[in-house]
Amino acid sequence: MTRHIHSLAILALLLLSAGIAPAQIKTTREQILFYTSDWHGERFPDGRPKLPDSLLTRALDVSIEDVWDFLREHKYNNQFEGNWQSLHPDKPFAGRALTAQYMPSRPDMTHAIAAEGKAEGRQSENNSWPINDLQMGDVYVADGNGKVFEGTLIGSNLGSGIAAHTHSGFVFDAGIRDAEENREIANLNGVYRGYDPSFLIGMTLTGINTPIRIGHAIVLPGDLVLAKRDGVLFIPAILAEQAIASAEFTNLQDAFNFELNAAGKNKGEFEGGWTATKYDAFTKWIDAHPDKLKMPRSEFDTLLKQHRHE
């Protein structure tokens, strides 16, 4: 009798553990919290850091170099990737990263992934699954091993889905098809390795919201993605606000310096010469042009003191 009860208990535990087995494709909230443990701000229900919308807008007005310099100073050396094709090269976009990883397929692996998708009630092919998880202001960032021929992660139907969910765009280390139609979709931009009319073949989704590699860059879910004509920068959420504010400050310094150069007032100091006198003149220039400030004046004053080493 005791042995029978013991067997039933073991069976019950097995059934319970099977019923609550965590998803294998979609990274759990606990795993995202592990990778982004230094973030103490607001989060999405899935655990991703939720940077404020205002910061996404401010990011569009800074240069990649100015943010890159800040990240390098903080030992983040693998955050930029260039050499892209783009739907709209002259329209920068920014958003919070939702990541996805694709790998070459093999039958046993794709069978297991398809079974999980069925159990979760997911629809269509698995390259559409990350799109259902996108939120407004996200950027869909996918590692597709740089594959273009038969590595096209979206066509125009999935492109319209990305647009509807994000009003932003995508960054694909892979190919796309239907480029002409995707360019006509409102609220959609994207960068990708190349265009090809082929379908996605021999590739499968293996992770959603997992750390991924995009060329030379490492991307975590929730990173601030800044995509411009000359490349894409992935800004860690924990540094995003500081990085954008620092770049805005540099922007202001440059604008002031350009005026001095144009007026011939910098003599040979075309780049620097930031003496106490020059900082005083810079402060008066800001007082006369308050519309140039994207950050709060208090934040500008703090950065000014840091640069003056006060």
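This is a predicted model: local features need pLDDT of at least 70, side-chain atom pairs count only at pLDDT 80 or more; totals for chains, interfaces and linings use all residues.
Residues are numbered from 1 along each chain as its sequence is written. Local features need pLDDT of at least 70 and side-chain atom pairs pLDDT 80 or more, totals for chains, interfaces and linings use all residues, and side-chain values rest on heavy atoms, without hydrogens or water.

The protein has 11 helices and 11 strands. These elements are DSSP runs numbered from the N terminus, with helices (H or I) of at least four residues and strands (E) of at least two. Of its 310 residues, 46% count as buried. Buried means under 20% relative accessible area, exposed means over 50%, and partly exposed lies in between (1.4 Å probe, protein chains only). Contact means heavy atoms within 4.5 Å. Among contacts between residues at least 6 apart in sequence, 73% join residues at least 24 apart.

Helix α4 spans residues 64–73. Its buried residues are I64, D66, V67, F70 and L71. They pack against β1 (80–81), β10 (224–228), β11 (231–235) and α9. An α-helix has 3.6 residues a turn, so residues three or four places apart point the same way. W68 also lies in α4. With a relative accessible area of 34%, W68 is partly exposed. Leaving aside neighbours within four places in sequence, W68 is in contact with F80 and L233. W68 and A247 are 179 residues apart in sequence, yet their C-alpha atoms are 9.0 Å apart in space. After α4 comes K75, with a positive phi near 70°.

Two packed helices are described by the angle between their axes and the distance between the axes. Axes are lines fitted to C-alpha atoms, for helices over the stretch in contact, and angles between N-to-C directions run from 0 to 180 degrees. Angles under 35 degrees count as roughly parallel, over 145 as roughly antiparallel, 65 to 115 as roughly perpendicular, and the rest as oblique.

Helix α4 packs on α9 (residues 237–262) at about 130°, with the axes 8 Å apart. The two helices are therefore oblique to each other. On the α4 side, D66, V67, F70 and L71 make the contact, and on the α9 side L239, Q242, A243, I244, S246, A247, T250, N251 and D254. By class, this contact has 7 nonpolar, 4 polar and 2 charged residues. Here Ala, Val, Leu, Ile, Met, Phe, Trp, Tyr, Cys and Pro count as nonpolar, Asp, Glu, Lys and Arg as charged, and the others, Gly among them, as polar.

Helices α10 (residues 276–288) and α11 (residues 297–308) cross at roughly 170°, and their axes come within 11 Å. That makes α10 roughly antiparallel to α11. A276, Y279, D280, F282, T283, I286 and D287 of α10 meet R297, F300, L304, H307 and R308 of α11. This contact divides into 6 nonpolar, 2 polar and 4 charged residues.

Strand β7 (residues 203–208) is mostly covered, with 6 of its 6 residues buried. It runs antiparallel to β3 (residues 93–104), and 5 bridges join the two. Strands pair if DSSP finds at least two bridges between them. P104 stands opposite M203 in β7.

R48 lies in the loop between α2 (29–35) and α3 (53–59). At 0% relative accessibility, R48 counts as buried. Beyond its neighbours within four places in sequence, R48 contacts I32, E42, R43, R96, A97, L98, D133, Q135, D138, N209, P221 and G222.
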